[in-house]
Amino acid sequence: MSEQALDLRRSAQILRRHKILVGIAVILGALAGIIYAAANPQLLTSTALVILPQSEQAQQGAAVIVDGAADPYTLTQQVIITSNVVLRNALPHVRPATSVDKLRRDISVGILTPYVISVTAKGNVASDAETTANAVARSYLNYVGSTSSPIGRVPAQVLEPATSATGAPLRPLLLDILAGAVAGLLIGGIIALALGRNDRRLRERNEIADSIGVPVLASVSVAQPPDAAGWMNLLADYAPGAVDAWQLRKALHQLGPMGLNSSDPRADGFSLAVLSLSTDRKALALGPQLAASAAAVGISTALVIGPAQDANTAATLRAACAAAVPPQRSGYLRVAVADDPHVDELPRAALTVVVAVVDGKAPRVADTMRTTATTLGVSASAVTAEQLARIAVSAAVDGREIAGILVADPDPADRTTGRVPQVARPGLRRMPTRMTGTTTEIRP
């Protein structure tokens with residue numbers, strides 16, 4: 001895939017993730033368009049025509065206007081119409097009430113022929129535009145028709161009064177709203193892209209896997225119990241959907257414990273640590289859900305809440321696991337906290353899931369319980385590559401290897417796989433034949 005296609009794809013993903021921000025920007029832009037339309041309404045116009053006497057001077061001007069200019073006589077009448085005295089006399093008949101300066105801005109005087117002048121007025125409603133145009137035209141006729149006129153009496157007449165207004169106020173309003181919405185879309189998109197390109201959190205399974213070169217074993221939706229009672233209900237009644245159940249079962253098979261015979265007391269136990277970040281509260285549920293899922297398929301499971309660098313993150317889960325009443329999973333699930341003095345009295349389990357919380361800035365994996373295998377639990381869009389790398393380095397320093405990653409609440413638009421490896425292993429491998437966990441040997 002070309003670099004340009006990748007960039008366009010990433011930009012589309014960023015816009016989709018910030019769709020609420022973009023939507024708000026579009027709504028605000030549309031509102032701005034409405035406000036602009038209200039402050040600058042599309043006015044209706046109406047025109048009155050005034051005819052001047054066809055004097056010899058005007059007839060001579062007919063030849064001049066053909067060449068693109070009106071004669072001085074007609075130009076003089078045009079100036080008179082917009083004079084203070086004419087407009088002031090028209091004010092009592094203009095609607096709505098206005099000033100001379102505002103009236104001068106609301107009208108326009110044009111020369112159609114050497115002896116026909118148009119007076120065009122604009123208004124919010126048709127009647128106002130018509131009344132204003134007719135009022136100015138009559139004021140002009142009264143002024144030049146008076147014997148006391150300083151330019152002499154001019155017997156001009158109204159050729160056609162203003163009787164109808166033209167304009168389309170609805171369409172410009174829609175255009176203003178559309179223009180505002182488009183502007184909001186562009187602004188919101190630019191802000192979203194700026195935020196998204198500076199956001200270093202990992203969202204796709206492939207991004208999470210590639211950050212430390214470890215495959216994503218499963219990605220499931222998770223619950224976020226608000227208190228200890230909620231955690232107890234999750235451990236006792238967790239029933240994942242078909243997709244999540246298969247994902248968890250596949251993860252267990254990848255790690256190895258699905259081949260264990262839970263009914264054989266001589267079977268070696270398998271322990272699995274699920275490390276999560278103190279800032280990633282969703283990922284905390286991955287370990288308990290994995291343990292509950294294993295118990296549901298007949299694997300004797302122990303869920304142990306290990307020591308945490310941030311005690312507040314797992315406080316309610318620790319309280320639930322320290323409660324006197326154990327969750328009911330047909331006897332397959334037992335829970336405990338690592339610092340419980342009776343933790344060693346738990347019945348032997350085929351699978352032990354240890355939940356540990358570490359600090360993303362300064363993780364201390366060595367402080368967590370040692371297990372057969374170690375996995376990372378992360379939420380989509382909650383961690384960065386730097387944080388995962390710090391945990392991987394801390395584990396490596398302690399002689400541990402990250403076997404896989406569990407992803408909580410994957411992005412619904414994520415179509416990547418997380419670089420899942422093939423499950424086939426060389427040599428002897430054990431596969432479950434029934435839900436009880438009994439196995440059969442398969443040799444290559």
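Is Arg95 buried, partly exposed or exposed, and what is its relative accessible area? Arg95 is partly exposed, at 43% relative accessible area. Here buried means under 20% relative accessible area, exposed means over 50%, and partly exposed lies in between (1.4 Å probe, protein chains only). The structure is a predicted model, in which local features need pLDDT of at least 70, side-chain atom pairs count only at pLDDT 80 or more, and totals for chains, interfaces and linings use all residues. Residues are numbered from 1 along each chain as its sequence is written, and side-chain values use heavy atoms, with hydrogens and water left out.

The chain holds 14 helices and 14 strands. Helices (H or I, at least four residues) and strands (E, at least two) are DSSP runs, numbered from the N terminus. Of the 444 residues in the chain, 43% are buried. The chain exposes about 22600 Å², and carbon and sulfur atoms supply 57% of that area. Accessible areas come from the Shrake-Rupley method with a 1.4 Å probe; for residues, only the protein chains shown count as cover. Among contacts with a separation of 6 or more, 81% join residues 24 or more positions apart. A contact means heavy atoms within 4.5 Å.

Strand E12 spans residues 402-408. Six of its seven residues are buried. E12 pairs in the parallel sense with strand E6 (residues 216-220), over four bridges. Two strands pair if DSSP finds at least two bridges between them. Ser219 has Val407 in E12 as its bridge partner. E12 also pairs in the parallel sense with strand E11 (residues 373-379), over six bridges. There, Leu376 stands opposite Ile405 in E12. In a regular strand, side chains alternate between the two faces of the sheet.

E11, helix H14 (residues 385-397) and E12 make a right-handed β-α-β unit. A crossover is right-handed if, with the strands pointing away from the viewer, the path from the first strand over the helix to the second runs clockwise. Two loop residues by these strands deserve a note. Ser381 lies in the loop between E11 and H14. Its phi is positive, about 70°, although Ser381 is not a glycine. Ser381 is partly exposed, at 27% relative accessibility. Asp409 lies in the loop between E12 and strand E13 (429-432). Asp409 also is not a glycine, and its phi is positive, near 50°. Asp409 counts as partly exposed, at 24% relative accessibility. Most residues other than glycine have a negative phi, and most peptide bonds are trans.

A cis peptide bond links Arg95 to Pro96, with omega near -10°. Pro96 is found in the loop between helix H5 (84-90) and H6. The side chain of Arg95 meets that of Asp128 in a salt bridge (4.0 Å, N to O). Arg95 lies in the loop between H5 and H6 and Asp128 in helix H7 (residues 126-144), so the pair ties together parts that are 33 residues apart in sequence. Asp128 is buried, at 15% relative accessibility. A salt bridge is a side-chain nitrogen of Lys or Arg within 4 Å of a carboxyl oxygen of Asp or Glu. By this rule the count is eight salt bridges.

Helix H6 (residues 100-106) includes Asp106. Asp106 forms a salt bridge with Lys102, and the closest N and O atoms are 2.7 Å apart. Both residues lie in H6, four residues apart, about one turn of the helix. Asp106 is buried, with a relative accessible area of 14%, whereas Lys102 is partly exposed at 33%. Leaving out residues up to four places away in sequence, Asp106 touches Thr120, Ala121 and Lys122. Arg104 is partly exposed at 31% relative accessibility, and Asp101 is partly exposed at 48%.

A nonpolar surface patch consists of Ile20, Ile24, Ile27, Leu28, Leu31 and Ile34. Together they have about 580 Å² of accessible area. Patches are made of residues with over 30% relative accessible area and no salt bridge: like charges are joined within 9 Å, nonpolar side chains (Val, Leu, Ile, Met, Phe, Trp, Tyr) within 5 Å. Ile20 is found in helix H2 (residues 19-39). Ile20 is exposed, at 63% relative accessible area.
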